[in-house]
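Please keep the structure open while reading.

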Amino acid sequence: MTNGWTDIKNADVVLIMGGNAAEAHTCGFKWVTEAKANNGAKLIVVDPRFTRSAAVADLYMPLRPGTDIAFLGGVINYILSNDKIFREYVAAFTNAAFIVKEGFGFEDGLFTGYNAEKRDYDRATWDYEFDEAGMAKIDPTLANPRCVLNLLKAHYARYTPEMVERTCGTPKADFLKACELIASTGNPNKTLTSLYALGWTQHSKGSQNIRNMAIIQLLLGNMGMPGGGINALRGHSNVQGITDFGLFSNSVPGYLVMPRTAEPTLDEYLKTRAFKPIRPDQMSFLQNYRKFFVSFLKAMYGAKATPDNQFGYDWLPKVDVNLDTLRQFEMMFQGRMNGFICQGFNPLMSVPNRKKLIAGLSKLKFLVVMDPLHTETAHFFENHGEMNDADPAKIATEVFLLPTNCFAEEEGTFTNSGRVIQWHWKAAEPPGEARTDIAIMADLFLRMKALYAKDGGAYPDPIMNIAWSYRNPAKPTADELLREINGSALADLPDPTDPAKPPIRKAGELVDIFAQLRDDGTTSCANWIYSGCYTERGNMTARRDPSDPSGKGIHGNWGYSWPANRRILYNRASADPSGKAWSAKKKVIEWTGSRWAGIDVPDYGPLIDPGKNTGPFIMNPEGVARLFTRGLMREGPFPEHYEPFESPVANPFHPKVQSNPVARVFKGDLEVFGKAEDYPYAATTYRLVEHIHFWSKHARMNAVLQPELFVEIGEGLAKEKGIQNGDWVEVWSNRARIKAKAVVTKRIRTLTCDGKPVHIVGIPIHWGFTGAAKKGYGANQLTPYVGDANTETPEYKAFLVNIKRIGPAV
Amino acid sequence: MASLQSLDVRQRSASTAQPPSVRRDLEIAKLIDVSKCIGCKACQSACMAWNDIRPPVGINRGVYDNPNDLGPETWTVMRFAEHEENGKLEWLIRKDGCMHCTDPGCLKACPAPGAIVQYANGIVDFVQENCIGCGYCVKGCPFNIPRISKADNRAYKCTLCSDRVAVGQSPACAKCCPTGAIVFGSKASMVDHAQGRIADLKSRGYAKAGLYDPPGVGGTHVMYVLHHADRPGLYANLANNPVISAAVSLWKGTLKPLSMIGMGAAIVVGLLHFVTRGPNEVTEADEENARKLKGRNAA
């Protein structure tokens, strides 16, 4: 979230699209009800199904799964063609006036530079024009037809309300009502908050769904403002934390990047990460990249990391191929993986196409599952009929189940969606032989290190040189780890303003903030964005002061919000270029004449005079936010509507380019995409409020509240297929078949897309073959093996199935 | 055992004793704002957790309502209704459970002394140790709430967390409701709170929004804010105008002296029977019948 949970109450319009906050984020949804009750906010819900969020919405409308970009592109077209933009904001704080290179273009569904064979683009033309000094050229008058804003207008001119209706199936009148409400926030006094979750990410073009919304929020001036922002509601209590720490194989904690083979030295690696400003007087904060990266290497290798050995740069893996989950299971499936350590993860339930997963896991030599529960993955070799069609006699994989404690049985931190890191205390002892994940990983590390010490090996250095200075090496504590994450001074740190003054930190002291980190090896920090969370003043994440002096939901002394305890990101944009708040109602920080001050920690240099024209988007070398993303997104600088890989209709915008042209498809997976002739119904998968993923079905109480797998269909499809409420039905895709109860509901409408009726089948995800609830099939048995082109998040939200009745109720 | 002190009792089933009068309790109420409810069932979980009750894991019957109905271990359920009006769909989700009537039909109908009590704060509580499982409370309730347990043949329903309220806590359901759809306080403050919610709903186009506090049972201590207060029936058949059934009113009201005479007469006749014919003996045939009946129940 760019803003936080408590900030939602400041919104004037709440858009829930690509998520179902009431259902999947019930507790946080309270802030939506606060906005409605105390701020007169209007709630818009756009979803293929009339959800629990829709139940309390002021305006609900359906759309066909996988057509969000068509819808949002339509909103952009509405905003631009009806002149609803927040003009001063767009002019000052976005790249609207930047001039794009000659040669960049878009035609018939493709941007310039496409290579069909590689399924990739040469992105050379997706950039600005630069002058001799390396500064991007702009035209503040916007007269140049190659200005970003003009190109944006031209790109989305095709997204008319008629095209939206034709593509999404959303009735035009409803769509226009939504546009009007959304556009009503394009001024200083009103803001819109966008709440989304996996309904936007789990598509073959998920990242572009979110990009599209970001463009809308920038055009309306809703970034950096209270009650605004782009707010990803995360699906687990600590998935934000796991992302911050580099969940991906190509990430280093704090959104730094794992080096590649082509970057053999530290200097080579840092050369492409200089982040020099491309406009005069911009902060381009990532110019500090070297400080953060060297401090990370010091946290990894301690005293072994020296300037002479590039701080241990050679010991980091060089990852040329991103080992995302889909690729991991593809490698397993091809027999190219021996062992798999599965920690806090139940891939047999959560990776697409279970048949392929069982085949892959069966080819492993060993599988280690660390979990408090008997997950399906730990029992993948068991035969549960069609629910899990494995043949134990033919599977030689050795499976180790290492019981771990659950969260309440250890201390540590959670980072919530709003980036607030909160310490939690241990409430109970873990049962039986359960150990903490930390203790298991430490044990594993120490045994490996001992083996390397005894036997040697091809390259023991990366293991032997890891710094491991915990009081009890077998059981590092969460407290020790959080200090290591925050970072400390390894030598006295001289005051940069005057070296004659006393050092700002003495050797051995925890640093106050990432601004104190150095690139010469005198500081250590495991994750720069968390720096400040545990200082000499104590554990900031353990603070529990609920006070909110401004009444704006800025609880500055509750936990610690990264970065720098800032609650609203980009909050410099809440003030106009001269430093005065755009409106009294939406004031966050202002220029006092000598510094920036207000109710939140300024996301800006606190002493930068507004006269300097330094932009508020300090992480970008432009200093402004990007309506045009240059070469940062694989599909192109503007989001374009592509159909899901399994779609009931031809792409109404460009039938020749049906789906995301750069999404990765493995051989063999392409062949099992279903065709609309055989699988005429648009399916989508989702969570229900009674459960969380595949855990809560192990709890009796949750099992009571939602006991059995069902699928949801509309009355139209039910009538066609002779399905009554509560009947048993079979749903099948080109990959598998599942059986479930039918819930026939008015909440799922038959949509009309491209002149054809489109029925929707909804499939919740929570049932498996272990636990207290009734045994059930997994939705992932049906879903296609393809992911988003930028993140490889699988396309769970839009695919094709068929359905038939197989028996009466009960 | 009742959760509150005898000092707090206002009415007691099948009892004629004057209730204690020295304590002046504030009338309380739970207000359920249906327009804010998202049907998350947190209230159902909290009810199960606080009261330590767990119904069996059921099945899906083509609806979101689970458990499908109230039961001896299920004192509250969300009832989901789909309503279409002027082309606009509404998903009306109502938390169902005891309404804690000011004039409780269950208490009126109950023949077991002290099995049902009403406290001065308005809570109607079942005291299972005094319950004889006759089921009259079920017949007496205009909202179809009490359920008889097959395991122990006693009646159960929501206590409005009388044990929590007795120590100044709100009911478990109100405590955990994430959207503030369930609020708890004095009845007067709840009526007041409802007015604010109704004004908000009217501003959003629900012209007939209103408070459900049915006069037919003297008002209730569980009230609803409804978007369509003119049509309570839309909310999974919420009673439009609930009243205690005429039979119960007649039997326990006007005809009560007569019924007392009848009971007296029955005792006299029984005594006469014992004196003239001796005690009733259980025959072999009776035992056999009982065994059969038991077997059938078990099946």
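## Domains 3 and 4 of chain A

In this predicted model, the centres of domain 3 of chain A and domain 4 of chain A, taken over C-alpha atoms, are 26 Å apart. Domain 3 of chain A gives 19 residues to the contact, and domain 4 of chain A gives 21 residues.

On the side of domain 3 of chain A that touches domain 4 of chain A, α14 (347–350) and α15 (354–362) of chain A are the elements that give two or more residues. α15(A) has the largest share of that side, with three residues. By class, that side of domain 3 of chain A holds eight polar, six nonpolar and five charged residues.

## Domain layout

Where do the domains of chain A run? Domain 1 covers 5–96 + 137–235, and domain 2 covers 244–319 + 467–531. Domain 3 covers 325–412 + 430–451. Domain 4 is 670–807.

## Chain B and its interface with chain A

Chain B has 299 residues, and 42% of them are buried. Its secondary structure comprises nine helices and 11 strands. Among contacts in chain B with a separation of 6 or more, 62% join residues 24 or more positions apart.

Between the chains, 37 residues of chain A are in contact with 32 residues of chain B. Three elements of chain B, α1 (42–51), β3 (77–85) and β4 (88–96), each supply at least two residues of the side that touches chain A. α1(B) makes the largest share of that side, five residues. By class, the side of chain B that touches chain A has 14 nonpolar, 10 polar and eight charged residues.

## A helix pair in chain A

Two packed helices are described by the angle between their axes and the distance between the axes. For helix α3 (residues 68–81) and helix α6 (residues 161–168) of chain A, the axes come within 9 Å and cross at roughly 170°. Angles over 145 degrees count as roughly antiparallel, so α3(A) is roughly antiparallel to α6(A). The crossing of α3(A) past α6(A) is left-handed.

Which residues make the contact of α3(A) and α6(A)? From α3(A) come A70(A), F71(A) and G74(A). From α6(A) come P161(A), M163(A), V164(A), T167(A) and C168(A). By class, this contact of α3(A) with α6(A) has six nonpolar residues, two polar residues and no charged residues.

Methods:
Residues numbered from 1 in each chain as written. Chains lettered and ligands numbered in written order. Predicted model: local features only at pLDDT ≥ 70, side-chain atom pairs only at ≥ 80, totals over all residues. Domains from an automatic or database assignment. Contact = placed C-beta atoms within 7 Å. Helix = DSSP H or I, 4+ residues; strand = E, 2+ residues; numbered from the N terminus. Nonpolar A, V, L, I, M, F, W, Y, C, P; charged D, E, K, R; others polar. Buried ≥ 20, exposed ≤ 12 C-beta atoms within 10 Å, placed from the backbone. Axes fitted to C-alpha atoms, helices over the stretch in contact; angles between N-to-C directions. Parallel < 35°, antiparallel > 145°, perpendicular 65-115°, else oblique. Left-handed = near helix turned anticlockwise from the far one by under 90°.
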